[in-house]
Amino acid sequence: VGLNCGHMDRPVTKILVALDPFTHVCHEAKEMGADLLVTHHALLWNPGFITDQTQQGKNTLFLIEHGIPCINAHTNLDCAPGGVNDILAGKLQCTGTCPVQL
């Protein structure tokens with residue numbers, strides 16, 4: 001969760017928001033001149049190397065090469081009060097729920 005790639009100190013005036021950082025989303029961010037891509041899911045799901053041998057690596061390299069930082073907010077949305085988990089618990093009619101304390 002947080003900054004997946006890019007510089008932390010760059011000014012941002014245009015943001016593209018998407019569910020996943022798929023290839024077409026990364027290209028759309030470049031085409032629209034986005035200064036930041038914000039997604040729910042992360043660029044990389046598995047630890048490993050960032051190379052052009054995987055689609056995740058290609059997408060990460062594309063964003064880096066075009067100066068587009070990417071932030072993901074998966075857990076933030078899941079654990080936020082009134083967020084994804086609270087909505088799911090309500091739909092399932094769960095009672096007595098509370099946040100996990102780590």
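## The nonpolar core

A nonpolar core is taken here as a set of buried Ala, Val, Leu, Ile, Met, Phe, Trp, Tyr and Cys residues that are joined through side-chain atoms within 4.5 Å. In this predicted model, the largest such core has 13 residues, and the members that touch the most others are Leu16, Leu37, Leu63 and Cys70. Two or more residues are given to this core by each of strand S2 (15-18), helix H1 (23-31) and helix H2 (55-65), and H1 supplies the largest share, with 3 residues.

The model contains an open sheet of 4 strands, arranged in the order S1-S4-S3-S2 with mixed pairing. Strand S1 (2-5) and S2 are the edge strands, and each has a single partner strand, so one side of each is left without a neighbour in the sheet. From one strand to the next, the twist averages 25°.

Strands of a sheet pair through backbone hydrogen bonds, in either a parallel or an antiparallel sense. For S1 and strand S4 (residues 70-72) the sense is antiparallel, and their pairing extends over 3 bridges; within this part of the sheet, Leu3 stands opposite Ile71 in S4.

## Helix H1 against the sheet

Helix H1 packs on the sheet, where it touches both S2 and strand S3 (36-39), and the direction of H1 makes about 165° with that of S2.

Technical notes: Residues numbered from 1 in each chain as written. Predicted model: local features only at pLDDT ≥ 70, side-chain atom pairs only at ≥ 80, totals over all residues. Heavy atoms only, no water. Buried < 20%, exposed > 50% of the residue type's maximum accessible area, 1.4 Å probe, protein only. Pairing = 2+ DSSP bridges. Axes fitted to C-alpha atoms, helices over the stretch in contact; angles between N-to-C directions. Contact = heavy atoms within 4.5 Å.
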